[in-house]
Amino acid sequence: MEIILLERIEKLGGIGDVVTVKNGFARNYLLPNNKALRANEANRKLFEANRAKIEADNAERRTDAQGRAKDIDGKQVVLIRQASNTGQLYGSVSVRDIVDALADDGVKGVSKAMVELERPIKSLGLVDIKVKLHPEVVVTVSVNVARSPDEAEMQKQGIDVIAAMFEEEQAAVAAAALEPDSEDEFEEGTPPSEVAAEEAPAADEGEEA
C-alpha cells in the first residue's frame with residue numbers, strides 16, 4: 001500500500017514522504033494511529049493544505065520531548081524480583097513493569113508504546129532499554145533487575161552478582177574440603193614429637209614395675 005507519512009517513521013521516512021508498505025502494517029498500525037494517510041489524490045491535497053500545521057505541531061512535540069529527555073536519558077530504575085541461583089527470574093519483566101517503575105520514580109507521560117522492548121526480561125542484571133519520547137527523540141533507560149536492594153546496588157557498581165555468588169559457593173566448598181571430618185583426623189595428624197611425649201609416661205611406669 002502507498003501511504004503519506006504524517007510523522008517520521010524509522011526506516012521508512014519523514015513527514016510528507018510517500019512510501020510503500022505492507023497492507024497489514026498500514027491497516028493495523030500506521031493508519032489507525034494517525035501516523036499516515038492513504039496516498040490517494042484527495043489525501044495528497046489534504047496533506048498539502050495542512051502541511052504547515054502538521055510540521056509546526058510536530059516541531060512543538062519534538063521540542064517538548066527534547067526538554068523531557070534531559071531528565072530521563074540515562075535514568076536507572078530498580079525492579080526487585082525473585083530468581084533462581086542461576087539468575088533466571090520466576091516470571092519476567094514486561095513493558096508495563098518498566099512504565100510503572102518509571103512512573104514511581106517520577107517520570108510521567110511514558111506509555112507502553114514508547115518503550116522498545118523486543119522481548120520480556122527473564123534474568124537478573126542491567127538491561128538498557130530505548131524509550132521513544134517522540135519519533136525524533138529517543139532516550140536510553142537502564143533497568144536494574146535484582147533480588148534485593150543490596151544486589152541492585154552491587155549491579156549498579158558493575159559487579160556481576162551471579163558470578164560473585166558462584167565464587168563464594170566455590171570458596172565455601174573448598175573450605176569445607178579442608179576441614180577435618182572427625183576427631184580421628186586430628187589424632188592422625190598429631191605431630192610425632194607430641195606422640196612421643198604422650199607415650200613417655202607409659203614407658204617410665206614400665207621401668208618402675
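Of the contacts in the chain between residues at least 6 apart in sequence, 53% join residues at least 24 apart. The model is predicted. Its chain has seven helices and nine strands. Of the 209 residues, 29% are buried. The accessible surface of the chain is about 13600 Å², and carbon and sulfur atoms account for 49% of that surface.

**Nonpolar cores**

In soluble globular proteins, nonpolar side chains tend to be buried together. The largest nonpolar core in this chain consists of 28 residues. Ile98, Val110, Val115, Val131, Leu133 and Val143 have the most contacts inside this core. Two or more core residues come from each of the helices α2 (41-72) and α3 (95-104) and from each of the strands β4 (76-80), β5 (88-93), β8 (125-134) and β9 (137-146). Another core, of nine residues, lies apart from the largest one; Ile3, Leu5, Ile9 and Val21 are among its residues.

Leaving aside neighbours within four places in sequence, Val131 is in contact with Val110, Met114, Val115, Val137, Val138, Val139 and Val141.

**The aromatic pair**

The structure holds one aromatic pair. The ring centres of Phe25 and Tyr29 are 5.5 Å apart and the ring planes lie at 15°, so the pair counts as stacked, the limit for stacking being under 30 degrees. Both residues belong to helix α1 (residues 23-30), where they are four residues apart and thus separated by about one helical turn. The table gives the exposure of each.

| Residue | Relative accessible area | Class |
|---|---|---|
| Phe25 | 36% | partly exposed |
| Tyr29 | 37% | partly exposed |

Technical notes
Residues numbered from 1 in each chain as written. Predicted model: local features only at pLDDT ≥ 70, side-chain atom pairs only at ≥ 80, totals over all residues. Heavy atoms only, no water. Buried < 20%, exposed > 50% of the residue type's maximum accessible area, 1.4 Å probe, protein only. Contact = heavy atoms within 4.5 Å. Areas by Shrake-Rupley, 256 points an atom, 1.4 Å probe, with all protein chains shown as cover. Core = buried A, V, L, I, M, F, W, Y, C linked by side-chain atoms within 4.5 Å. Phe/Tyr/Trp six-rings, centres within 6.5 Å; stacked < 30°, edge-to-face > 60°.
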